[in-house]
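Let's take a walk through this one, a stop at a time. Have the model open and turn it as you read.

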Amino acid sequence: MCSLALFPPPLPSGQTTLCESNNQLLSGTNTEDRLKQESSPLSLYFPRESLKLHSRTESSSKAAFLDHSETLWMRSATAWRDGGFTGLLNEITNSNTEVPKWLSVSSGCILALLRRVSSFHGSLFPHLTLSSEDMIAEFSQVLNWSDCVVRAFAWHPHTDKFAVALLDDSIKIYNPKSATTPTLKHRLQRSVAAVQWKPLCASALAVACQNCLLVWHVDPCSLSTRPSSGCAQVLSHPGHSPVTSISWSPSGSLLVSASPMDTAMMVWDVAAESCVPLQRVGGGGVTFLSWSPDGSHVLASTPSALFRVWETKMWTCERWPCVKGRCQSGCWSPDGSRLLFTVQGEAVIYGLTFTDTPGVPTCTSKGPQAAAVVADLSETTFNTPDGDIIVGGEIQCLAWDPRGERLAVLLKGDPQAAARPAMIALFKTRTNPIFELLPCGFVQGEPGAEPRLMQFHPNFQHGALLTVCWSTGRITHVPFYFLSAGVPHFGLNGSPSLQRPQERPADFTNQSLFTELIS
């Protein structure tokens, strides 16, 4: 089985991962190498000091403009709109001098009963007691989301442009071929948890917010740097907030969204601004969604120790219980036949296969019966010139490149221990004819920077390109140069070479560390 003990040691302090060539990761040891990487048109830096954060929340500022001469009925209507039935009961209970005594007492008793039921429900599902922001931070794919300068990132599936959601709730769209950088702001665009471009469309960007979904329509030919809020569709459903995850179907016809407060996964028809809730008993909500590239399945994680895999023809699902904790993250192979996922509290990567078994007729073959462990990322101690470094442990998120040949794993580390940094472990993978996993190395940034978020470029022509958002507010792009095993080519090597002398780490090129045997 593949483990971190088979990896080359992390880079010494002062070195940065630049690229992969000839099946090894190359690093830069001087400022010139790093500046060359960071001077790329797509490399960005967002200093925390440059972001204007909200000085007060919307709820705290509302009282400054509240007309205290409102009648009881007006206040009750406002309470119903803002807080629902509980808000209405609370308003009636507090207005005991304006309502009959029996109504005030009855409202107080019902409110106390509802709070007791809510407390019991919260004991079954502890995440329900969290605030909206704490809930997003708990279930986000971004490491340390609350304090992260870059809170969400998304490459466009067809062009070299991307969207970046920042700590101040603004979203910027960057295109190296355009001098215009649109900035998206909306009064409902608070606590952005995820962004994703609509496939087969040049302009639509979905945004998961605290209280709703926004779908921006930004004309790529427009010269406006501040599109109006009228360019955004607002999609909301009662009880479906905060939204922590979204995923478009590969055709772009449907959008699914998840909220830990809602046991239903919402399937949206954005054009019609309508949704269909897909609800199942158990789980306590939905936290993370991922649509397979072939459109046949959707992974839906819950706050509890189970997740579901929906098939999209009849919209039925398979229920998969976990032993220790919830499904933290997952990613699909390019053909949608294999799902890799991780579980909170465990340091392993599991795999599920959804293809028919070879040699078995399609009508009699079934889905996966059990998940297989494909990699063990338990804590491993490496001896480096700077002392011992411990790498491994719990996994924050996974990213698989569109060719299915590089797998990036973001390890959480321990923020309280300098010797246990968060780090990205890179694997070489092969999905056909059998699944194989090989170690490649660690991706590291400038001194003092830890990875927070990562995503592969969807259309990099020379191998794979990994975009990493760092704790310092910097966004860099690490290219992995190789010739795809799925593309016919002529030559002696499987990787373009760079004219750069470099000491080669231990050679794992021909060592198969995880191979799935077909019997």
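Start at arginine 338, which sits in strand β22, the stretch covering residues 338–343. Keep in mind as you look that this is a predicted model.

Now go back to strand β3, residues 24–28. All 5 of its 5 residues are buried, so the strand is largely enclosed by the rest of the structure. To picture how that works, remember that side chains in a regular strand alternate between the two faces of the sheet. In β3, Gln24, Leu26 and Gly28 are on one side, while Leu25 and Ser27 are on the other, and both faces are covered.

Which strand pairs with β3? That's β2, residues 16–21, which runs antiparallel to β3 and is joined to it by 5 bridges. Within this pair, serine 21 stands opposite glutamine 24. The two strands make a hairpin with 2 residues between them, and asparagine 22 in that turn has a positive phi of about 55°.

Phenylalanine 85 belongs to helix α3, which spans residues 72–94. With a relative accessible area of 42%, phenylalanine 85 is partly exposed, because that class lies between the buried limit of 20% and the exposed limit of 50%.

Finally, the cysteines. How many disulfides does the model have? The count comes to 0. Take cysteine 322: the nearest cysteine sulfur belongs to cysteine 327 and is 6.0 Å away, whereas a disulfide needs the two sulfurs within 2.5 Å, so cysteine 322 is in no disulfide. Cysteine 322 is buried, at 13% relative accessible area. Cysteine 469 is in no disulfide either, with its nearest cysteine sulfur, that of cysteine 148, 7.2 Å away. Cysteine 469 counts as buried too, at 1% relative accessibility.

Key
Residues numbered from 1 in each chain as written. Predicted model: local features only at pLDDT ≥ 70, side-chain atom pairs only at ≥ 80, totals over all residues. Heavy atoms only, no water. Helix = DSSP H or I, 4+ residues; strand = E, 2+ residues; numbered from the N terminus. Buried < 20%, exposed > 50% of the residue type's maximum accessible area, 1.4 Å probe, protein only. Pairing = 2+ DSSP bridges.
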